[in-house]
Amino acid sequence: MKKPIQLSLLIKPASSLCNLRCRYCFYEDESENRNQKCYGIMDRATTDKLIASVFEATAENAVISIGFQGGEPTVAGLDYFRHFIEEEKKYPDRKFLHSIQTNGYALDEYWAQFLHENNFLVGISIDGYKELHDLHRITASGEGSFDRIASNLEILKKYNVEFNALCVVTRQCTERPHRIYNRLKGMGFRYLQFIACLDPIGQQRGNQSYSLTPQDYGRFLCATFDDWYNDWKNGTFTSVRQFDDYIHLLTGVLPSSCAALGKCGTYLVVEADGSLYPCDFYVLDEWNLGKIGEISILHALESEKALSFRSDQGRMPQQCRQCSYLALCHGGCKKDITSNSSNEPENYFCPAYRFFFEYASERLLEVARAELEAMRINR
């Protein structure tokens with residue numbers, strides 16, 4: 001089996017542990033749907049075994065992208081991350097790239113210094129403005145978390161830490177999309193990611209107070225696109241991952257998300273006990289690929305179960321194959337595939353995407369043509 005020159009891992013060093021109690025947390029729900037909800041904090045033996053396994057699985061001079069997520073990864077403690085970095089140094093012929101997705105609540109000067117010194121890209125989970133954020137992102141005592149996170153963001157700026165924003169799009173978000181976009185920009189974010197909120201596993205969509213309907217999501221995408229396009233037009237570009245992906249597809253550049261390609265990416269999620277899974281949205285018992293030390297990373301990636309997950313024949317709904325926007329949507333992410341009244345697969349957010357593409361397609365093409373021309377000039 002040929003060793004790859006690139007490898008991506010998403011590590012959950014604190015499993016489903018978290019210092020907040022976000023009302024819509026998908027990983028809290030996911031962990032409730034497996035035999036063991038939480039695996040605690042990854043111990044050093046598992047950490048060392050994981051890093052050694054990465055070395056064994058990759059070719060010399062390989063680039064390894066390590067993302068830390070949760071739960072809340074900072075719950076593992078700064079000493080965990082310091083040890084992780086020191087252990088990586090045993091393998092100087094591998095290049096490690098680091099990112100962390102955090103709610104930002106525990107960050108302080110020590111964290112900021114560490115993140116800067118080790119070139120971490122920091123994703124801050126923040127839902128736009130204070131009233132909206134504090135509606136769902138609360139502490140264990142029920143208090144809002146926005147003010148503390150905003151304060152900690154200033155510490156990251158002080159230490160020149162690279163950061164971006166992740167906003168979960170709930171029903172309430174769709175009421176003031178322009179305010180969300182402009183507030184995040186005003187806080188210093190220039191890279192924005194908007195993630196459609198998920199309903200609990202196995203429940204009918206749209207029944208929670210935070211549930212996102214296709215109609216509301218479509219309007220949110222259109223309003224946010226207006227802001228994104230106007231910034232581009234005015235020469236003050238702000239990155240929105242979803243819109244960037246559409247431009248990449250139109251210009252022949254590989255998009256950053258597997259959802260934009262309509263097929264699952266080749267990466268592994270590592271739970272705190274060393275168990276491996278094919279996707280962050282499927283860290284469930286049925287998709288457990290084995291455990292570090294019991295199965296190699298390469299065998300986990302190429303196992304029958306992993307290949308079955310990634311191939312997933314018949315996933316794309318028939319209506320997608322006949323859609324004029326297929327080249328941009330590709331059927332979307334498999335987590336959004338549901339069954340209609342005829343028991344046929346369909347993407348829950350299909351009406352949102354159709355509405356958006358009808359609204360924005362001409363301007364997307366305009367931006368793509370400009371980008372292609374810039375690429376031609378800069379050759």
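This is a predicted model: local features need pLDDT of at least 70, side-chain atom pairs count only at pLDDT 80 or more; totals for chains, interfaces and linings use all residues.
A patch, as I use the word today, is made of residues with over 30% relative accessible area and no salt bridge, and nonpolar side chains are joined into one when they lie within 5 Å. Keep that in mind for a moment.

Val253, Leu372 and Met375 make a nonpolar surface patch of about 220 Å². Take Leu372 from that group. Leu372 sits in helix 15, which covers residues 350-377. Is Leu372 buried, exposed or partly exposed? Its relative accessibility is 39%, so it counts as partly exposed. The cut-offs there are under 20% for buried and over 50% for exposed.

Now the chain as a whole. The protein chain has 15 helices and twelve strands. Its C-alpha trace spans about 55 × 50 × 45 Å along the principal axes. How does the radius of gyration sit against the value for a compact globule? For 379 residues, a compact globule would come out near 21 Å, and the protein chain has 21 Å, so the two agree.

On burial, 53% of the 379 residues are buried. The accessible surface of the chain comes to about 17,700 Å², and carbon and sulfur atoms account for 48% of that. As for contacts, consider those between residues at least 6 apart in sequence: 71% of them join residues at least 24 apart.

In helix 3, residues 78-88, eight of the eleven residues are buried. Which ones are buried? They are Leu78, Tyr80, Phe81, His83, Phe84, Ile85, Glu87 and Glu88.

Asp216 is in helix 8, residues 214-233. Buried or exposed? Its relative accessible area is 16%, so Asp216 is buried, given that the cut-off for buried is under 20%. What does its side chain make a polar contact with? The partner is the side chain of Arg219, at 2.4 Å. Setting aside neighbours within four places in sequence, Asp216 is also in contact with Arg171 and Thr174.

Key. Residues are numbered from 1 along each chain as its sequence is written. Side-chain values use heavy atoms; hydrogens and water are left out. Patches are made of residues with over 30% relative accessible area and no salt bridge: like charges are joined within 9 Å, nonpolar side chains (Val, Leu, Ile, Met, Phe, Trp, Tyr) within 5 Å. Accessible areas come from the Shrake-Rupley method with a 1.4 Å probe; for residues, only the protein chains shown count as cover. A salt bridge is a side-chain nitrogen of Lys or Arg within 4 Å of a carboxyl oxygen of Asp or Glu. Helices (H or I, at least four residues) and strands (E, at least two) are DSSP runs, numbered from the N terminus. Buried means under 20% relative accessible area, exposed over 50%, partly exposed in between (1.4 Å probe, protein chains only). The radius of gyration is taken over C-alpha atoms; the globule rule is 2.2 Å times the number of residues to the power 0.38. Contact means heavy atoms within 4.5 Å. A polar contact is a pair of N or O atoms within 3.5 Å; within protein, one must be able to donate a hydrogen and the other to accept it, and residues adjacent in sequence count only if both atoms are side-chain atoms.
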